[in-house]
Amino acid sequence: MKKITELAPGLHYVGANDRTTQRFEALWSLPYGVSYNSYLLVDEQVALIDSIEAGFADIYFDHIAGVLGDRPVDYLIVNHMEPDHSGSITRLRERYPDLKIVGNAKTLDMIGGYYGIRDNCLEVKEGDTYSFGDHTVTFVEAPMVHWPEAMVTFDLTNGVLFAADAFGSFGALDGKLFADEVNFDRD
């Protein structure tokens, strides 16, 4: 199991790198791979922020367990429904049957249509906040940043923005999550 990166107190990167897929959505070449980004907020309540591509769910669950052990995940915040962000939702619900899924109205409609999940969902609107203990997040709708349901989540406690695909790009992260960890001329 890889070392899990703690980005800020109680906030962990639990995503995965894909160096096997040749084309994203069968269109765009991936010579440097792609990362599927998900974050785990550990507080009085545990929240995942976004899911990842279904084919990497086993790695994903190893990363989550590396932080939580047997502790369950209480919430899944879904910022974006493209499969590289939402593909593991069904498996998350199977593993954590009490998992509450958080999203805006369009997101929850899409989850119902894609995955048949309509129960234990929490609809959030522009400017709503939610506290998981010491961490409070707020939600901002960002339609057509990428897809019409997109929103972003801002952790008011740590000052971290979970931006869906607003700043997305291709390339496996190779454990480098911050710009000062990458030599852009070389890498």
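Tyr60 and Phe61 are both buried in this predicted model. Their ring centres lie 5.9 Å apart and their planes meet at 35°, so the pair is tilted. Phe61 also has a charged neighbour: Arg95 lies over the face of its ring, at 4.0 Å from the ring centre.

**Aromatic rings**

The whole structure holds seven aromatic pairs. Another of them joins Tyr75 and Tyr130, and it too is described as tilted. This pair links distant parts of the chain, with Tyr75 in strand β9 and Tyr130 in strand β12, 55 residues apart. Is Tyr75 buried or exposed? Tyr75 counts as buried because its relative accessibility is 5%. Tyr130 has a relative accessible area of 23%, so it is partly exposed. Lys100 lies over the face of Tyr75, at 5.1 Å from the ring centre. Elsewhere, Tyr13, Tyr39 and Phe162 form one aromatic cluster.

Two of the pairs are set out here.

| Pair | Centre to centre | Angle between planes | Class |
|---|---|---|---|
| Tyr60 and Phe61 | 5.9 Å | 35° | tilted |
| Tyr75 and Tyr130 | 5.1 Å | 55° | tilted |

**The seven-stranded sheet**

Strands of a sheet pair through backbone hydrogen bonds, either parallel or antiparallel. In what order do the seven strands of the open sheet stand? The order is β1-β2-β7-β8-β9-β10-β11, and the pairing is mixed. The edge strands are β1 (5-8) and β11 (121-123), and each of them pairs on one side only. On average, neighbouring strands here are turned by 25° against each other, direction ignored.

At one end of the order, β10 (residues 100-103) and β11 pair in the parallel sense over three bridges. Ile101 has Cys121 in β11 as its bridge partner.

Helices pack on this sheet. α1 touches β2, β7 (39-42) and β8, and its direction makes about 20° with that of β7. α4 touches β10 and β11, and its direction makes about 130° with that of β10.

**The four-stranded sheet**

A second open sheet has four strands in the order β12-β13-β14-β15, with antiparallel pairing. β12 (129-131) and β15 stand at the edges with a single partner strand each, so one side of each is left without a neighbour in the sheet. Neighbouring strands of this sheet are turned by 25° against each other on average, direction ignored.

Follow the strands in order. Three bridges join β12 to β13. Thr129 has Thr138 in β13 as its bridge partner. β13 (residues 136-141) then pairs with β14 over five bridges, in the antiparallel sense. In that pairing, Val137 stands opposite Asp155 in β14. β14 (residues 151-155) is mostly covered, with four of its five residues buried.

β14 pairs in turn with β15 (residues 160-162) over three antiparallel bridges. Asp155 has Val160 in β15 as its bridge partner. How many residues lie between β14 and β15 in their hairpin? There are four, and Gly159 in the turn has a positive phi of about 70°.

**Nonpolar cores**

The largest nonpolar core has 26 residues. Leu48, Ile64, Val73 and Leu92 have the most contacts inside it. Two or more of its residues come from each of β8 (46-49), α1 (57-68), α3 (89-95) and α4 (105-115). Which element gives the largest share? α1 does, with five residues.

Val73 shows how far these contacts reach along the chain. Beyond four places in sequence, Val73 touches Leu40, Val46, Leu48, Ile64, Leu68, Tyr96 and Leu99. Apart from this core lies another, of 16 residues, and among them are Ala8, Leu11, Val102 and Val137.

**Two buried loop residues**

Val14 is found in the loop between β2 (11-13) and β3 (16-18). Val14 counts as buried because its relative accessibility is 0%. Val14 and Asp62 are 48 residues apart in sequence, and their C-alpha atoms are 8.8 Å apart in space.

Asn79 sits in the loop between β9 (75-77) and α2 (83-86). Why does Asn79 count as buried? Its relative accessibility is 0%, so Asn79 counts as buried. Not counting residues up to four places away in sequence, Asn79 touches Ile49, Asp50, Glu149, Ala150, Met151, Val152, Thr153, Phe162 and Ala164.

Technical notes. Residues numbered from 1 in each chain as written. Predicted model: local features only at pLDDT ≥ 70, side-chain atom pairs only at ≥ 80, totals over all residues. Heavy atoms only, no water. Core = buried A, V, L, I, M, F, W, Y, C linked by side-chain atoms within 4.5 Å. Buried < 20%, exposed > 50% of the residue type's maximum accessible area, 1.4 Å probe, protein only. Contact = heavy atoms within 4.5 Å. Pairing = 2+ DSSP bridges. Axes fitted to C-alpha atoms, helices over the stretch in contact; angles between N-to-C directions. Phe/Tyr/Trp six-rings, centres within 6.5 Å; stacked < 30°, edge-to-face > 60°. Lys NZ or Arg CZ within 6 Å of the ring centre and 35° of its normal.
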